[in-house]
Amino acid sequence: MFTKINCWAQAAQCFYTAESYKEAAELFLKNKQFSQAAECYKIVHEYAKAAQMFEESKLVLRALECYEHLADWEAILQCLNRNKHMFQDIERESLINKYVPVALNSIFKLLDSGTEENRG
């Protein structure tokens, strides 16, 4: 009913209450309620979409959590770089110290597994 009269926020809230999170997310997007859309995407494990919406909402730490769920270390580093102005130097340094070693470790594992496949 709310969608027919273009009341996206109310319709989205109804879908959310009914636990129809994908539908709610799409309607939240139509209403430019990015953080609410992100929460819906996170609930249904669509972490890439959730990360994008959290970043759009300037909730960068929440976006980083979603990229971490995906083990998308490159996206984490890019997100940190795009949003460096959002953090004080000490906080940014702490995040870099957290994520860069993990990203490098995953690269080394990929390289190591590729080397083993070439030997076999």
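User: At what angle do the axes of α5 and α6 cross, and are the two helices roughly parallel or roughly antiparallel?
Analyst: This is a predicted model, so the values are computed from its atoms. The axes of α5 and α6 come within 8 Å and cross at roughly 165°. Angles over 145 degrees count as roughly antiparallel. α5 and α6 are therefore roughly antiparallel.

User: Which residues of α6 meet α5, and how do the residues of the contact divide by class?
Analyst: From α5 come Val60, Ala63, Leu64, Tyr67 and Glu68. Their partners in α6 are Trp73, Ala75, Ile76, Cys79, Leu80 and Arg82. By class, the contact has nine nonpolar, no polar and two charged residues.

User: How far apart are the axes of α1 and α2, and why is the pair called roughly antiparallel?
Analyst: The axes of α1 and α2 are 8 Å apart, and the helices pack at an angle of about 160°. The cut-off for roughly antiparallel is over 145 degrees. That angle therefore makes α1 roughly antiparallel to α2.

User: Which residues make the contact of α1 with α2, and how many of them are charged?
Analyst: α1 gives Trp8, Ala11, Ala12, Gln13, Phe15 and Tyr16. α2 gives Tyr21, Glu23, Ala24, Leu27, Phe28 and Lys30. Sorted by class, the contact of α1 with α2 has nine nonpolar residues, one polar and two charged.

User: What does Tyr67 contact, leaving aside neighbours within four places in sequence?
Analyst: Tyr67 is among the core members with the most touches, and it is one of the α5 residues that meet α6. With neighbours within four places in sequence left aside, Tyr67 contacts Ala51, Gln52, Glu55, Asp72, Ala75, Ile76, Cys79 and Arg82.

User: Is Ala38 buried or exposed, and which residues does Ala38 contact beyond four places in sequence?
Analyst: Ala38 sits in helix α3. Its relative accessibility is 0%, so Ala38 counts as buried. Its C-alpha atom is separated by 9.4 Å from that of Glu56, 18 residues apart along the chain. Leaving aside neighbours within four places in sequence, the contacts of Ala38 are Ala50, Met53 and Phe54.

User: Where is Leu104, and why does Leu104 count as partly exposed?
Analyst: Leu104 is in helix α7. Leu104 and Glu74 are 30 residues apart in sequence, with their C-alpha atoms 9.9 Å apart in space. Leu104 counts as partly exposed because its relative accessibility is 42%.

User: How many helices and strands does the protein have, and what share of its residues is buried?
Analyst: The elements run α-α-α-α-α-α-α from the N terminus on. That is seven helices and zero strands. Of the 120 residues in the protein, the buried share is 28%.

Terms used. Residues are numbered from 1 along each chain as its sequence is written. This is a predicted model: local features need pLDDT of at least 70, side-chain atom pairs count only at pLDDT 80 or more; totals for chains, interfaces and linings use all residues. Side-chain values use heavy atoms; hydrogens and water are left out. A nonpolar core is a set of buried Ala, Val, Leu, Ile, Met, Phe, Trp, Tyr and Cys residues joined through side-chain atoms within 4.5 Å. Buried means under 20% relative accessible area, exposed over 50%, partly exposed in between (1.4 Å probe, protein chains only). Contact means heavy atoms within 4.5 Å. Axes are lines fitted to C-alpha atoms, for helices over the stretch in contact, and angles run from 0 to 180 degrees between N-to-C directions. Helices (H or I, at least four residues) and strands (E, at least two) are DSSP runs, numbered from the N terminus. Angles under 35 degrees count as roughly parallel, over 145 as roughly antiparallel, 65 to 115 as roughly perpendicular and the rest as oblique. Ala, Val, Leu, Ile, Met, Phe, Trp, Tyr, Cys and Pro count as nonpolar, Asp, Glu, Lys and Arg as charged, and the others, Gly among them, as polar.
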